[in-house]
Amino acid sequence: MAKFVDSAHAPGAAESSRWRARYLLALRRLASTPRGAFGLVALAVVLFAAVFGQALAPQSATIQNFNEILAPPSSAHVFGTDDLGRDLFTRTIYGARVSLLVGLCSVGLAVVAGVPIGIAAGYYRGTFDEVSMRVLDGLLAFPALILAIAIAAALGAGPRNVVIAIGIVTVPTFARLARGQALSLREQDMIVAARAVGLRDGRILSRYVLPNVASVLIIQGALSTGQAILTEAGLSFLGLGIRPPIPSWGSMIEVGRGYLEQAPWMSVVPGVAILLTVFAFNFTGDALLDALDPRLQKRG
């Protein structure tokens with residue numbers, strides 16, 4: 001019996017090695033495509049600006065200079081200044097930190113809350129599956145932005161509450177995705193064999209189910225992060241997200257809305273920053289889908 005159990009562990013090691021090789025191949029494929037290369041470079045720029053923003057910023061993001069109100073783009077102010085004389089280049093860099101923090105944290109919250117629910121519902125089925133999916137269906141019945149607005153309005157403005165609001169809205173996406181993957185895996189030969197040799201459910205889920213779900217979750221994570229950044233900008237534009245003086249691309253657009261004729265750069269600059277960042281996450285997610293598709297790998 002000992003030899004039989006050991007042989008059952010061997011496929012697990014081989015499976016793990018196979019998945020590592022698959023992800024390495026996917027990374028090479030990702031960097032070799034135009035969309036993937038653009039997404040990775042753009043994300044690297046945004047991440048660099050967010051992490052090293054204080055060193056890159058030429059001026060303070062909050063100090064007002066009434067002698068340079070609505071100054072156009074120049075050598076002194078690359079992106080111009082806003083209605084309080086603050087440097088827009090600096091505020092755009094600091095806004096990247098806020099957007100990435102909210103986007104990544106809200107998606108992380110959705111993954112932590114939604115994936116275990118989805119995997120458990122798909123693997124065990126029964127009453128838990130029915131109850132949890134009906135609750136998630138109730139959340140999906142509302143448009144995502146409207147639900148986020150309602151939650152943010154109830155919790156109040158602020159970075160933490162925005163993360164919670166967007167995270168709750170995003171939970172059904174990851175839960176249903178994980179459930180669908182678990183449903184397709186639970187009856188496969190490797191899962192049946194693992195149960196036959198006496199492996200516990202926790203070991204089966206961590207060794208066989210989760211690695212097979214991971215690639216789909218990574219792709220969805222990239223796409224959802226871009227959507228979360230866009231939702232945060234919308235909430236901040238409406239005054240329900242990040243409020244001044246904290247730089248936020250959404251609130252910067254809202255302020256610039258009143259100066260579109262005199263100083264269009266106040267709205268154009270943060271709007272382009274949102275556009276490029278969301279494009280970067282979407283392009284990366286699409287390229288990941290191609291890179292992690294086994295059929296495309298076989299053709300390559």
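Student: Is Arg125 buried, partly exposed or exposed?
Tutor: Arg125 is partly exposed, with a relative accessible area of 35%. Buried means under 20% relative accessible area, exposed means over 50%, and partly exposed is in between, using a 1.4 Å probe and protein chains only. One caution: this is a predicted model, where local features need pLDDT of at least 70, side-chain atom pairs count only at pLDDT 80 or more, and totals for chains, interfaces and linings use all residues. Residues are numbered from 1 along each chain as its sequence is written, and side-chain values use heavy atoms, with hydrogens and water left out.

Student: Where does Arg125 lie?
Tutor: In the loop between α4 and α5. Helices here are DSSP runs of H or I with at least four residues, strands are runs of E with at least two, and both are numbered from the N terminus.

Student: What is phi of Arg125 near?
Tutor: Near 55°, a positive value in a residue other than glycine. Most residues other than glycine have a negative phi. Leu70 also has a positive phi, about 55°, and is not a glycine. Leu70 lies in the loop between α3 and α4 and is partly exposed, at 23% relative accessibility.

Student: OK, overall picture. How many helices and strands does the protein chain have?
Tutor: Twelve helices and zero strands. The chain has 300 residues, and 43% of them count as buried.

Student: What share of the contacts join residues at least 24 apart?
Tutor: It is 72%, among contacts between residues at least 6 apart in sequence. Contact means heavy atoms within 4.5 Å.

Student: Back to α4 and α5. At roughly what angle do their axes cross?
Tutor: Roughly 135°, and the axes come within 7 Å. Axes are lines fitted to C-alpha atoms, for helices over the stretch in contact, and angles run from 0 to 180 degrees between N-to-C directions. α4 and α5 are therefore oblique to each other. Under 35 degrees counts as roughly parallel, over 145 as roughly antiparallel, 65 to 115 as roughly perpendicular, and the rest as oblique.

Student: Which residues make that contact?
Tutor: From α4, Ile117, Ala120, Ala121 and Tyr124. From α5, Gly126, Phe128, Asp129, Ser132 and Met133. By class that is six nonpolar, two polar and one charged. Ala, Val, Leu, Ile, Met, Phe, Trp, Tyr, Cys and Pro count as nonpolar, Asp, Glu, Lys and Arg as charged, and the others, Gly among them, as polar.

Student: What about α10 and α11, how do their axes cross?
Tutor: They come within 8 Å and cross at roughly 150°. That makes α10 roughly antiparallel to α11. The α10 side includes Trp249, Met252 and Ile253, and the α11 side includes Met266, Pro270 and Ile274. The contact has eight nonpolar, five polar and no charged residues.

Student: Last topic, rings. How many aromatic pairs are there?
Tutor: Five. Rings of Phe, Tyr and Trp (its six-membered ring) pair if their centres lie within 6.5 Å; planes under 30 degrees apart are stacked, over 60 edge-to-face, the rest tilted. Phe79 and Phe89 have ring centres 5.4 Å apart and planes at 70°, so that pair is edge-to-face. Phe79 lies in the loop between α3 and α4, and Phe89 in helix α4, so the pair ties together parts ten residues apart in sequence.

Student: Which residues do ring pairs link into a cluster?
Tutor: Phe38, Phe279 and Phe283.
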